[in-house]
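Please take a moment with the sequence and the structure before reading on, and keep both in view as the paragraphs below move from one part to another.

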Amino acid sequence: MSNPEDQDRTQQGNPFTLALARMLKDKAARPQDVYRLAVIVQGMLDSMDNPEALETIRFELRALINDISQSTSGGD
């Protein structure tokens, strides 16, 4: 079983996790968009030396940005 103090330290030391949690809590993004962003960032970190993978990640980020911009603008 994990120690709550360890969990607090992990979150304090991980700004990305805090930002994702804050976006969900504040309803600043849809859960599926936060999940997509987390997957993209993980892929980016795992693929720093793979140009083809980085191009795929760029494509996914552009798609996410487009989806979010359409959902926030009412689909105009």
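Is E55 buried, partly exposed or exposed? Before turning to that residue, keep in mind that the model you see is predicted. E55 is partly exposed, because its relative accessible area is 42%, and that value lies between the 20% under which a residue is buried and the 50% over which a residue is exposed. E55 and R58 form a salt bridge, in which the closest N and O atoms are 3.4 Å apart. Both residues belong to helix α4 and are separated by 3 residues, which is about one turn of the helix.

The chain has 4 helices and 0 strands, so that, read from the N terminus on, its elements follow the order α-α-α-α. Of the 76 residues in the chain, 13% are buried. The chain exposes about 6200 Å², and carbon and sulfur atoms supply 56% of that area. If we consider contacts between residues at least 6 apart in sequence, 33% of them join residues at least 24 apart.

Let us now return to the charged side chains. Side chains of opposite charge can pair when their charged atoms come close. The structure holds 4 salt bridges, and one of them, between R58 and E55, has already been described. Another is formed by R30 and D33, whose closest N and O atoms are 2.7 Å apart. The side chains of these two residues also make a polar contact, again at 2.7 Å.

D33 has its place in helix α3, and, when neighbours within four places in sequence are left aside, D33 is in contact with L64 and I68. A residue such as D33, at 4% relative accessibility, is called buried because the class takes in values under 20%.

A further salt bridge brings together the side chains of D67 and R36, with 2.8 Å from N to O. This pair links distant parts of the chain, since D67 lies in helix α4 (residues 51–72) and R36 in helix α3 (residues 31–46), 31 residues apart. D67 counts as partly exposed because its relative accessibility is 29%, and R36 counts as partly exposed because its relative accessibility is 25%.

Where is S47, and which residues does S47 touch? S47 is found in the loop between α3 and α4, and, not counting residues up to four places away in sequence, S47 touches A53, L54 and I57. S47 is buried, because its relative accessible area is 13%.

In helix α4, look for R58 and E55, about one turn of the helix apart; then find D67 in helix α4 and R36 in helix α3, the pair that links distant parts of the chain; and finally find D33 in helix α3, which forms a salt bridge with R30.

Key. Residues are numbered from 1 along each chain as its sequence is written. This is a predicted model: local features need pLDDT of at least 70, side-chain atom pairs count only at pLDDT 80 or more; totals for chains, interfaces and linings use all residues. Side-chain values use heavy atoms; hydrogens and water are left out. Helices (H or I, at least four residues) and strands (E, at least two) are DSSP runs, numbered from the N terminus. Buried means under 20% relative accessible area, exposed over 50%, partly exposed in between (1.4 Å probe, protein chains only). Contact means heavy atoms within 4.5 Å. Accessible areas come from the Shrake-Rupley method with a 1.4 Å probe; for residues, only the protein chains shown count as cover. A polar contact is a pair of N or O atoms within 3.5 Å; within protein, one must be able to donate a hydrogen and the other to accept it, and residues adjacent in sequence count only if both atoms are side-chain atoms.
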